[in-house]
Amino acid sequence: MVRDATTEVVEGMIQLTDTILNAPVESLSQEQLISTGGVWEACEQVSNLPRDNQAAVVSALAANLGVVKDAVEEMENALVEGQDPYGDIMEDEELGFRGNRDTYWSEADRQLLSSCMGLMKASKACLKKVLAAVKAHGKADSPEQIAQLDDLADIANEISPSVDELALSMYPPVNPLAVRLNAAKLASVLKKVLEIAKTSHVCPPSEEGWVQFLTGAVDHNMNKVKNFTQGQL
């Protein structure tokens, strides 16, 4: 984060210098004003940087949680009973009659997708709990603690892309194999997050209950996905 913020300041200064050098002497162009604003904005970001690795990991987890929350909400809205998942981008009058079942969910699809939604909600709960644990117990006083925070951040960064991949495969026409593979990938990532959290300093014995609960929730929903797709592969 420090490196990226510093790069933005330096790049902003280079751009501002270029606009000054290329402008007539003693003139004040719109480009110079825009470049100056860019430098100010970059400098403000520096002042808001996390002060240690614990704060940096909190920031990264919070960003991931926001993205996953949006993905869960979007899929929940799309799955509302009777709603057309493509209704916001495809109008019947523009494309002619859409009687094609490939643009709608069958009842069997909806049963499978309810378990996938369970995994997506477990992802949100997992990030929420890990974020709270890092806020409450996270420390960056020793190389070991910093390494554990790094490991948590690295694996947590895989949750959002895995949720997105699962969500994309849930839209009709549903391919059960693709859904199962993406669900298995997300379940694997979640179990790694929970395992890394459990063995780190951010998870004292008082926090182990939710780790066990979420591990069970992931297994339960993944088993349901396997059962629903067993005869369709």
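1. Glu76 and Lys121 form a salt bridge whose closest N and O atoms are 3.4 Å apart; the term denotes a side-chain nitrogen of Lys or Arg within 4 Å of a carboxyl oxygen of Asp or Glu. Because Glu76 belongs to helix 3 and Lys121 to helix 5, the pair ties together parts that are 45 residues apart in sequence. Glu76 is partly exposed at 36% relative accessibility, and Lys121 is partly exposed at 41%. Here buried means under 20% relative accessible area, exposed over 50%, and partly exposed in between (1.4 Å probe, protein chains only). Helices are DSSP runs (H or I, at least four residues), numbered from the N terminus.

2. The model is predicted: local features need pLDDT of at least 70, side-chain atom pairs count only at pLDDT 80 or more, and totals for chains, interfaces and linings use all residues. Residues are numbered from 1 along each chain as its sequence is written, and side-chain values use heavy atoms, with hydrogens and water left out.

3. The count of salt bridges comes to four. Among them is the contact of Lys185 with Glu165 (3.2 Å, N to O). Lys185 lies in helix 8 and Glu165 in helix 7, so this pair ties together parts that are 20 residues apart in sequence. Lys185 has a relative accessible area of 40% and is partly exposed; Glu165, at 33%, is also partly exposed.

4. Another salt bridge joins the side chains of Asp219 and Lys191 (2.7 Å, N to O). It links distant parts of the chain, with Asp219 in helix 9 and Lys191 in helix 8, 28 residues apart. Gly216 also lies in helix 9, and its C-alpha is 9.7 Å from that of Lys191.

5. The largest nonpolar core has 53 residues, and those with the most contacts inside it include Met120 and Met170. Such a core is a set of buried Ala, Val, Leu, Ile, Met, Phe, Trp, Tyr and Cys residues joined through side-chain atoms within 4.5 Å. Helix 5 supplies the largest share of this core, 13 residues. Leaving aside neighbours within four places in sequence, Met120 is in contact (heavy atoms within 4.5 Å) with residues including Val68, Val72, Leu166 and Leu186.

6. Helix 3 has 26 residues and reaches 38 Å from its first C-alpha to its last, close to the 38 Å expected at 1.5 Å a residue; the expected span is 1.5 Å times one less than the number of residues. Its buried residues, including Val68 and Val72, pack against helix 5, helix 6 and helix 7.

Methods
Helices (H or I, at least four residues) and strands (E, at least two) are DSSP runs, numbered from the N terminus.
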